[in-house]
Amino acid sequence: MIYFFWLFALLALIGALGVLLETHPVRGALYLLLAFLSIGFLYILAGAPFLGFVQIIVYAGAVVVLFLVAIAVMSLRRIPDDRDLGPRGFLALVFAGAFFLVMLALLRHAPVPAAPTPTPGAPQPLAEALFRQYLIPFEIVSVLLLVAIVGAIVLVRRRPGP
Amino acid sequence: MNHPLLGFLTAAGIVFFGVLGAAAYLVLAERKLAGYFQERYGPNRVGPFGLLQPLADLIKLVFKEEVVFPQSNRWLYLLAPGIIAVMALLPLAVIPFAPHFAVTDINVALLYVLAAASLGTYGVLLGGWASNNKYSLIGGLRTANQMISYEIAMALALVGVVLMAGSLSLKDIVAAQQHLWYLIPQFLGFVVFLVSMFAETNRAPFDLPEAEAELVAGYHTEYSSMKFAMFFVGEYIHMVVAAALMTALYLGGWYGPWKPGFHWFALKMALVLYLMIWVRWTYPRFRFDQLMRFGWKVLIPLALVNLGITGLVLLR
Amino acid sequence: MNPTLYLLLSLLLFGLGAAGVVLRRNTLFMLLNLELMMNAVGLALVAASLAGLLEGQLIVLMVLAVAAAEVAIGIGILVSMVRLKDSPLVDLWNREEP
């Protein structure tokens, strides 16, 4: 099991590095796909198969396809140096690095239980909690999705000329 | 001898080769039936009644010239047919063909099937893009749009079944149909699922991605030899899988009037496959805007109505 | 499975994504990196559910829906940007000094 963890962790990191460094739009999206798939498998390894497959369906199956279709429709080409390597970029990197170090220090002192008690991975307890205890957040999220759909349509609609 | 992995591998092997064989003979069946629908004989030269035709097709495809165009994106170009074939095969792992025979049974089987279906889009999309040919690209984009749109209707139709069975495991779903096939209480969902399965398998009247009159051959224009064969076989495996899913979800799986068993499953699958071939050779192709309008304004609302009624009846 | 390993991986992914968002000037890649950051957060929450909290998985589901909404709007903005200036570079949208 632990070997699978390392394998998918490595693949996820390769995907993340690719998204960070690649300049070709389609290849960048494919690196993201690699990261999404690996994270999905990591969910399954962590005993959350429901989430893992939802992750693969939503992120890998829909979000990246949406990106690829958008790239193809707008015929976005490679922009060789869109990386900001001036003083501003350097400063940003410094802060990102500082954030990383602070989080790492926090993680070292985080109270993580030594013997983890995995939650049951079956979908039933998840559904019980989602539709009883957390029904209102669930409904709000669904309204949010509706608003996003309408917003996206309004954003890209070609307005009739004056 | 009784290592658990051994039984698993045996089951996987039986399903894999069984489905490959079924897909090969499905091609023959399709050509034969197309012949009969058009008042001709269909292939009848190779072997008795043309029964060796799949073998002849295979030999022909293997010996065709491999063509990789220099302007194509080599890795993705070679990867795409593999993605199609593998993603078509994946759902077979969770389909219960007989009361005690399935490669495996997981508690989120339906989500697994949907995940495999949604990843199958990449084969077409990347194949179309990597070929570096405008017809291929348009074919690939059309498929991506079509598959994403119809997947929503498919998933919504499936939720009705999940609500009734109270489980995402295909084995439990079939077991819940012992007395009443879901075809009857879920008729609306069945119709939606059937139509979106036609779209998912890219078959007429939804074969826009490879509309030969407009797009040469769509996403597989630039593919030859075994790579084309992968696309081709992938489509037929997809049909077999779709028929198996429909049998398990709506037609009561292995249950029948007499002794339950694999024979009922196979018979129902054959009927569904016959229906798919029949529809292909009977109806003309949709136009792309009609396809989109039908998917979003007819199928998805129908699936939602089905879901609402199911929910109300179950709550009562 | 050790939750700490998951947290560490999630931190690494989040850092890489954050670096991507601040370093890249191409809106498309900024969006891709944002998605990566959301996923890193999801991984951390699943690590929480490894430690026995079911809520971790529920929040991941919510994040998933929010991310889907974000992608739809983000790509909408990207399309409008490319339509107006014919390029996805954010630097073109700097305000001119008076």
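## Interfaces of chain A with chains B and C

Across the interface of chain B and chain A in this predicted model, one residue pair is found in polar contact, both residues being at pLDDT 80 or more. The elements of chain B that contribute two or more residues to the side touching chain A are α4 (109–130) and α5 (134–165). Of these, α4(B) gives the most, with 10 residues. By class, this side of chain B holds 17 nonpolar and five polar residues, and no charged residues. Salt bridges between chain B and chain A number zero.

In terms of extent, 22 residues of chain B are in contact with 24 residues of chain A. About 1,700 Å² is buried between the two chains, 83% of it on carbon and sulfur atoms. Within chain B, L111(B), Y122(B) and W129(B) lose the most area to chain A, together accounting for 28% of what that side buries.

| Interface | Buried area | Share on carbon and sulfur atoms |
|---|---|---|
| Chain B and chain A | about 1,700 Å² | 83% |
| Chain A and chain C | about 6,600 Å² | 80% |

The contact between chain A and chain C takes 79 residues from chain A and 65 residues from chain C. The count of salt bridges here is zero, while nine residue pairs are in polar contact across this interface, both residues of each pair being at pLDDT 80 or more. On the side of chain A that touches chain C, the elements giving two or more residues are α1 (2–21), α2 (25–45), α3 (49–73), α4 (87–108), α5 (123–133) and α6 (135–156) of chain A. The residues of that side divide into 62 nonpolar, 10 polar and seven charged.

Note on methods
Residues numbered from 1 in each chain as written. Chains lettered and ligands numbered in written order. Predicted model: local features only at pLDDT ≥ 70, side-chain atom pairs only at ≥ 80, totals over all residues. Heavy atoms only, no water. Contact = heavy atoms within 4.5 Å. Buried area = accessible area lost by both parts, 1.4 Å probe. Salt bridge = Lys/Arg side-chain N within 4 Å of Asp/Glu carboxyl O. Polar contact = N/O pair within 3.5 Å; in protein donor to acceptor, adjacent residues only side chain to side chain. Helix = DSSP H or I, 4+ residues; strand = E, 2+ residues; numbered from the N terminus. Nonpolar A, V, L, I, M, F, W, Y, C, P; charged D, E, K, R; others polar.
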